[in-house]
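Hello,

Here is the structure I promised to pass on to you. Have a look at it first, and then read my notes below.

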Amino acid sequence: MRQSNMLIPTLRELPKEAELPSHQLLLKAGYIRKLASGVYNFLPLGKKVLRKVENIVREEMDRAGAQEIQMPILQPAELWQTSGRWNTMGDELMRLKDRHERPFALGATHEEVVTSLIRDEVNSYKKLPLTVYQIQNKYRDEKRPRFGLLRGREFLMKDAYSFHEDFESLDETYNRLFEAYKRIFERCGLNFRAVIADSGAMGGKDTHEFMVLSDVGEDTIAYSDTSDYAANVEMAPVMSEYEKPNVEPKELKKIETPNAKTMQEVADYLGHSLKEGMKAIMFKVDDRFVMVVTRGDHEVNDVKVKNLCDAEIVELATEHETKSVMGAGFGSLGPINSPEEVEVVADHAVKYLVNASCGANEDGYHYTNVNPDRDFKVSQYADLRSIEEGDPSPDGQGTIKFAKGIEVGHVFKLGTLYADKLGGSFLNQQGKAESFVMGCYGIGVSRTLSAVVEQYHDENGLLWPDSLTPFDVHVINLNAKKSEQIEVADQVYESLKSQNFDVLYDDRQERAGVKFNDSDLIGIPYRVTIGKRANEGYVEFKHRKTGDQQDVHIDELVRFLNQLTK
Ligand code: ATP
Ligand code: MG
């Protein structure tokens, strides 16, 4: 493609609204343009790369036996009302009405549509298992659309859904798609981890998220320094063992702690470390209150609280609620003499505290020399804190470290949840009606593109891996005024094209500096410059990533490039 004809509006300045390298560079190099918050145009270069990601996803999904379909973006509200998500999706679901005032939603995801489709078309175990997928824009009115394509309100997703007669069959497909996901992200050149994730309120069983390791990621991953164990921080079980210090329990004392509210202020005031204090947090669990006690240096983990209480909704109690139940605000809460109706649960580490401190349920007062089980009772000790760096890895191998990650994919065992809600059933081998067992599998295609840029760029611009580059080779004619040079450059361009290289040809009447800057910015891995030695039959080759350069004779060029790219 001749660059003079192509829509590649590179920018000289870094766009102000963009904070992250991927967002800045995709704008600056002319790949995308914003239309509205979280809504983007893909310009020719952006569209080419997006299609390459899409094709990798498509090839691997097809190879894994999934069938491509296309479902409507415009979805009747009724379906969402039947599943209950018309309410629970809240403001994230984009809603609209037709001319008859009938409510619709724009597809944020397609569990409802696909379940109703398969419910109506498949009624026998003989057609199972079945996996369908589509690659299509999704709409979510995100609270904070940001970072360009990483969190958009309109974004490209691959979503797949599998239907099974039993969980065993689901496991098989899940594992096959898990492997397909690994190949997809490997082919995109990404450094990633598959992490064990929270199945949340969806009633699912296993779930994994595919996380691209990146400092700009919004999620924290706990991983083992020696094995391939990785989990979302809120999911990793804590396997630490604690020991009771060998000291005599002393007499319980109540002490005035004026102005000491935070754990650190209390510890400083009482002259001990955070570890020797206890933290008490009030949760509203469905319609009752639960006090969770952890050691002062630990963080309570609300996913674990939720699982322990087997609750639908777990949220922090407000200070007002806390005061009315306990008689004291956040800074002075503790498990001693707490009211009957408040269940007290504690993390395992609490059991091993001796002569610790905790709030006295009276503003401005704390107890010291507190000894669990002697001074207060808990209904259960359980694993209720978040894992920390340095804790042993839950798989028994190595130590936990933290990293930041960008979630690019998600595989999820849904079970019969949607089939039950939407009446999706089939006749099993005994001729009995049963609900479909389902799995769902998402990949953020446009987010993946951005995640690749986060891992592949330098201070001058993008550095595409060969699998995703918008063009294979960037041919630059340095002097587009000299007719002999134009002739050589045209000849190089035509011969590479005829050998099936996809070539961007900078034939513009621009200064050399401008052309090189743009070329670095655009980030095609291989550059061929027609310059000073054109009359001798030599062109200059440059590798964008390593900066390696060498002169190559025109007659050798195809062979030379083939060696690099094929
Ligand atoms: P997040 O926690 O980032 O909001 P999610 O759990 O809502 O993600 P899923 O519903 O599992 O995401 O969607 C499948 C995939 O779609 C995600 O793994 C992610 O790659 C992508 N995705 C989700 N929301 C967005 C968004 N707003 N913009 C771009 N990609 C997104
Ligand atoms: Mg989300």
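Strand β4 and strand β6 (residues 103-106) run antiparallel and are joined by three bridges. Among these pairings, Pro76 has Phe104 of β6 as its bridge partner. Two strands are said to pair if DSSP finds at least two bridges between them.

Before going further, please keep in mind that this is a predicted model, in which local features need pLDDT of at least 70 and side-chain atom pairs count only at pLDDT 80 or more, while totals for chains, interfaces and linings use all residues. Residues are numbered from 1 along each chain as its sequence is written, chains are lettered from A and ligands numbered from 1 in the order in which they are written, and side-chain values use heavy atoms, with hydrogens and water left out.

Back to that sheet. The strand order is β4-β6-β5 in an open sheet of three strands, paired antiparallel. β4 (74-76) and β5 (95-97) each have a single partner strand, so one side of each has no neighbour in the sheet. From one strand to the next, the twist averages 40°; axes are lines fitted to C-alpha atoms (for helices over the stretch in contact), with angles from 0 to 180 degrees between N-to-C directions. The loop between β5 and β6 holds Glu101, a residue that is not a glycine and yet has a positive phi of about 70°.

Another open sheet has three strands in the order β13-β19-β18, again with antiparallel pairing. Its edge strands, β13 (253-256) and β18 (356-359), each pair on one side only, and the twist averages 30° from one strand to the next. Four bridges link β13 to β19 (residues 365-370), and Glu256 is partnered with Tyr365 of β19.

There is also a cis peptide bond to look at, between Leu128 and Pro129, with omega about -5°. Pro129 sits in the loop between α5 (111-121) and β7 (130-139).

Now for the ligand. Which residues come nearest to ligand 1? They are Glu142, Arg151, Gly152, Glu407 and His410, out of the 14 residues around it; a residue counts as near if one of its heavy atoms lies within 4 Å. On its own, ligand 1 has 580 Å² of accessible area, of which the protein covers 82% (Shrake-Rupley method, 1.4 Å probe; for residues, only the protein chains shown count as cover).

β8 (154-164) and β21 (400-415) each supply at least two residues of the shell around ligand 1, and β21 gives the largest share, four residues.

Finally, the chain is divided into domain 1 (3-236 + 401-453), domain 2 (253-382) and domain 3 (473-564), with bounds from an automatic or database domain assignment. The C-alpha centres of domain 2 and domain 3 are 68 Å apart.

Best wishes
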